[in-house]
Amino acid sequence: MSHLLVWIVLLPLAGFLFNGLAGDRLGARAVSLVGCGLPIGSFTLTVAGAIALAAAGGEPRVETAFTWATVGDHSFEVAFYLDRLSVVMALVVTGVGSLIHVYSTGYMRDDPGYARYFAYLNLFLFFMLVLVLGRSLLVLFVGWEGVGLASYLLIGFWFQDPEKARAGKKAFITNRVGDAGFLLGMFVLFQAAGTLEMDRVNAVFSTGAPAGFSASLIGVLLFVGATGKSAQIPLHVWLPDAMAGPTPVSALIHAATMVTAGVYMVARLSGIYGQAPEASAVIAAVGVLTALFAATVALTQNDIKKVLAYSTISQLGLMFLALGVGAYGVAVFHLYTHAFFKACLFLGAGSVIHALGGEQDIRRMGGLARRVPTTFATFAVAAAAIAGIPPLAGFFSKDEILWFALASRSGGALWLWALAALTAFLTAFYMARLLWLTFLAPSRVDAETARHVHESPRSMTGVLIALAALSAVGGFVGVPHLLEPLLPLPEVRPGLDALETPLVLLSVLLAVGGVGAAAYVLAAGEDPAEVFRRRFPGLHRLVAGKYFVDEAYERWVTRPLYWVSDRVFLRFSDRRVLDGSLHALAALAERSAARLSRAQTGNLQLYAFLVLAGIAAGLLWSLRHV
Amino acid sequence: MSAETVLTALLPEVLLLAGLLLLIGLEIAVPRHRGAFAVSLLAVAAAAAAAAWLSAGGSSAAPFPGHYSVGPDTFAAKAVVLALAVPVLLLARGEFPGGPFYPLLVSSLLGVCLVVSADSFLTLFLGVELMSIPVYVLVVLAFQREESAEAALKYLVLSGTASATFLLGVSLLYGGSGSLALSAFSTALGSRDVLATAGVVLVLSAFFLKAAVVPFHTWAPDAYEAASVPVTAYMAAVVKAGVLFAVLRLFALAPAERPLVDLLALLPLASMVWGNLAAMRQDGLRRLIAYSSIAHAGYLFYAFLGDGPGRFQAVTFYLLAYGLMNVLVLAALPPAGDDVARDRLERLKGLFQRQPYAAWMIAVAMLSLAGIPPFPGFVAKFLVFKNVVAAGYPVYAVLGLVGSYLGLYFYLRVIQYLFMAPPPPAEEASAAEGEGAPSRLALAATVLCLLPAILIALFPGWVIDRLGG
Amino acid sequence: MLDNYLPVLVFILVGILFGVGPLVAGFVIGPRRPYDEKLSPYECGFEPFGDARAPFDVRYYLVAILFILFDLEIAFLFPWAVVLDQIGLAGFLAMMVFLAILVVGFVYEWKKGALEWE
């Protein structure tokens, strides 16, 4: 098939069109068939593509769909590109995506918006594949924006609840803040490299940045975009709120695929980042700080989905850490294992929520291990995987990240390793707490709900089992080594080779220690979060309040804006507005808008005065320079 | 120069004029005739086709040397403007069964064509006035409300101020150069002379006012709101295009230089911020479009920071994308019992459940206006900002992007109303009752906007190539 | 550059002088011996009735504007008439087209009743 990649991308789009236009009329059966069938078709084609790629010895496959725009001497083509990196990503997206589509047929069965849901989900898959397979950064950007749109539609899927609709908007706007940086990075990159096709960009940068351009500037600008999409500090605020969407959506978009787009983009452009040590240092620092920050917050959360959301932010931070120290293949490896176990965890959480009739607070769960055994077993496997218990998938990828954080010659450092190790310990700890309080602790479910607890239908449990299996054995695929011809691993700092084996043992110890420490507290019948609150009330307030980032944005962004007339402040605070949450933006905007509307009095004399004042000011300003 | 070449060069204008005379003749000869719509539609469509054909043929001529010339670029610009007027006419059918609307619209279009081809200040002035004066009357034609007359008067007075400012600026430029050719403006751009600079600033201020750039924008919200829907569409899409083409003619290929750069950056920047912020508070769709158009005037003038050849492409493409989307919103707006009710944003709540097609159309237009890929508005903004960066003003590009993100809030609010808000409560059901499906002509108008929009979204390269430069 | 504008300045000054000068002169050199009768408004010998500042009928403006419109065409006709022998048939036809367009407008305004006072 000569248009393999085009078909991979187009199948989900066909699903979107079908379900969006005709789904409501044709009934749930047709919707499920088309909505799941086409993604599975896409997956099958991707597998075919992977086999062809392997047969071709990893020679990239390029398909030009059509020439989109010619500006000056440069033409932007919509071309798709399948190489070692994008094939891994495409397999994850279509594979996990298909599984989650199947799961959704059970989870969303009784929802009145069934067809609309599948239409959006297919739409998401289409844009995600555009993002992954696009050869040019511009095509990637179209996908990038598109997944944002689909995510916005899905977070706000139950829009009758204004809180949820607002969460959708917050996600969208925070993301667009990052996109501003992304777009600028793209402009500068285009000036520098003369092309946006990523393989050519990497080739241009392979011999250093073009004269007069700083690779680090480009790198940081693009990374700003990644912080938005992949929920890194300081643009992480949207992801926890995004849990308002249906749980399979959280699993697919906000854990397995979309949020990893930033990681993928950086790995895709490794040519630039290889020449940008400053940008890489920034990425590593932001990554490790985000990882630690989110892991501490996850300790104190009581909403099952919020715990998982912060855990996602934390794991994404680890991936960025790996990118920052030049271990691109390792980051993609963790991306790949994370997709399995985090999707499994989210879907398991969905199954629990489903069983409990909508309950999400882990303080009102417990004792579910026997009632929903399949869910429990799969959840436990995935939790052990993320905690880093060998030989499950998470162990391999996380261990390699820790190793390169310390040993990489391009930016590895002791402090990076120490913070990452602490994160790994905390991860094991909070996952153990989550598992215990949900499934093993004495039941705190009220009697009425308890009577209705039931295991989920087979469409859901089957998917859970599949994902749990992948979480268990997925680590044995040596993704970094498959990617090595494309993304070579960084050299190891001299003298550290001997440490490799002891460090592996240490990471096992960290994982087991985390679980053990949690078990020690939990076995005494106490919630570690409670203990923490009792012992260190001040610190707990800070952590449980998510370090008051939302509040800080609200306060620090709004106040300086009274000084709008000051130009420096204008520029400064605008940055901050953009960094800020939607609330702050809205409050500020409302206030300025009110002020501006007051100028619109309807009084003609005032209007004329403004006009004359404008002309006079223009004249004065210009004549100053003559 | 033979009469034939002259007539060919003037073909779009001649067709418009013939239509105009026919309209007036009909009005005189046949009482209560119903042919005005058909005649004007025919004339405008024929003129648009002629312009497109001539542009593709690459013909150029100067039928009135020194005052009026045509080339592929000008024909392309005329084709864009006239093509935008076609869906506007389709919208008008329901609102204006006959009467002065049609002759006024056609003569205003004639003015736009004149502007696009002007080579001297005299022609330019004539064109701008011929374009604007009918619009004052068009605003007043929505006579259901008293505000219409008031808004039209404001528009008239402020526009008159602009004309006076323009003439004063031109007289200064003429004094300096001794020439009425438009090139006097572009040569004055690089000048350090007091008179020349003052002349340039005055002329530019006049066009800032006509295009509604802060702080000269004050007439726009009132006028857009007071006018009836097709007139609002006409002002937003066609008149704005005419003004920008006038500025394009003025600048020709000359680069913007200091101190003008600051003026060309700061006021448009203020427009983006002001327009986008003020739009958040609006609860009427037309006022919202007015503020959005103020912001878009900012982006459009930003293009002049860029270099010459890219400028024409960027501005023309932008005008096309932006005009199509504005007309699309207004065409998809479901009709209602009365004009004020039709305008209320609240009424869009839950429109998706009632009229999915209309909701999708409005959503597409909003996303495009917000500049989100892959909608055409994104390509348009991309071209503008790319030129700004390429011309060496990255700081202004950053500030502009920041300004443009402020606009997201209200575009998304509309989408939220369409898809994510429950339909209006029961007591408003009466208001919703008057809501009918869009007329067949309005549907045709949406298609006429949507198809080219899809085309330019899929093949912007093809369009940009056609725009020469 | 600015000295190009000297004639304009002179013209403005002369204009102002021409308008203001006589008034000032009258004010300065005219004898002033006011008494009641002299200060009262004078209206052709009879007692004044009504305010002198009567509003104009709005129709007046309409007629005035239309007058200006058609008056201005003379500005085209005069130079045209002077060079008619040089521009030949083409020039003649061009002016006829112009006048024809104008006539259409004229008939239109007539038909619409813009010229009727009542």
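These notebook entries record what I looked up in the predicted complex.

**Conventions.** I number residues from 1 along each chain as its sequence is written, with chains lettered from A and ligands numbered from 1 in the order in which they are written. The model is predicted, and I therefore kept local features to a pLDDT of at least 70 and side-chain atom pairs to pLDDT 80 or more, whereas totals for chains, interfaces and linings use all residues.

**Confidence.** I noted an ipTM of 0.84 and a pTM of 0.69 from the predictor for the complex. For chain C I found an average pLDDT of 84, with 93% of the residues at 70 or above; pLDDT is the predictor's confidence in each residue, from 0 to 100. Within chain C, helix α1 (residues 6-29) has the highest confidence, at 91, and helix α2 (residues 36-39) the lowest, at a mean of 79. Helices here are DSSP runs of H or I with at least four residues, strands are runs of E with at least two, and both are numbered from the N terminus.

**Contact of chains A and B.** I counted as in contact two residues whose C-beta atoms, placed from the backbone, lie within 7 Å. On that basis 50 residues of chain A and 52 residues of chain B take part. On the chain A side, the elements giving two or more residues are β1 (61-71), α4 (137-155), α5 (162-193), α25 (567-579), α26 (582-599) and α27 (604-623). The largest share, 13 residues, comes from α27(A). By class, I recorded 30 nonpolar, 14 polar and six charged residues on this side. Nonpolar covers Ala, Val, Leu, Ile, Met, Phe, Trp, Tyr, Cys and Pro; charged covers Asp, Glu, Lys and Arg; polar covers the others, Gly among them.

**Contact of chains C and B.** I found nine residues from chain C and nine residues from chain B here. The chain C side comprises seven nonpolar residues, one polar and one charged.

**Helix α14 of chain A.** I followed this helix over residues 328-355: its 28 residues reach 40 Å from first C-alpha to last, close to the 40 Å expected at 1.5 Å a residue (1.5 Å times one less than the number of residues). I located a bend of about 30° at A:His338, taken between axes fitted to the seven residues ending there and the seven starting there. Of the 28 residues in α14(A), 27 are buried (20 or more other C-beta atoms within 10 Å; exposed is 12 or fewer, partly exposed in between; C-beta atoms placed from the backbone). A:Gly357, which follows α14(A), has a positive phi near 65°.

**B:Pro134.** I placed this residue in helix α6 (residues 121-140) of chain B. B:Pro134 is buried because 23 other C-beta atoms lie within 10 Å. Leaving out residues up to four places away in sequence, B:Pro134 touches B:Leu104, B:Leu105, B:Ser107 and B:Ser108. B:Ser108 is 26 residues from B:Pro134 in sequence and 5.8 Å from B:Pro134 in space, C-alpha to C-alpha.
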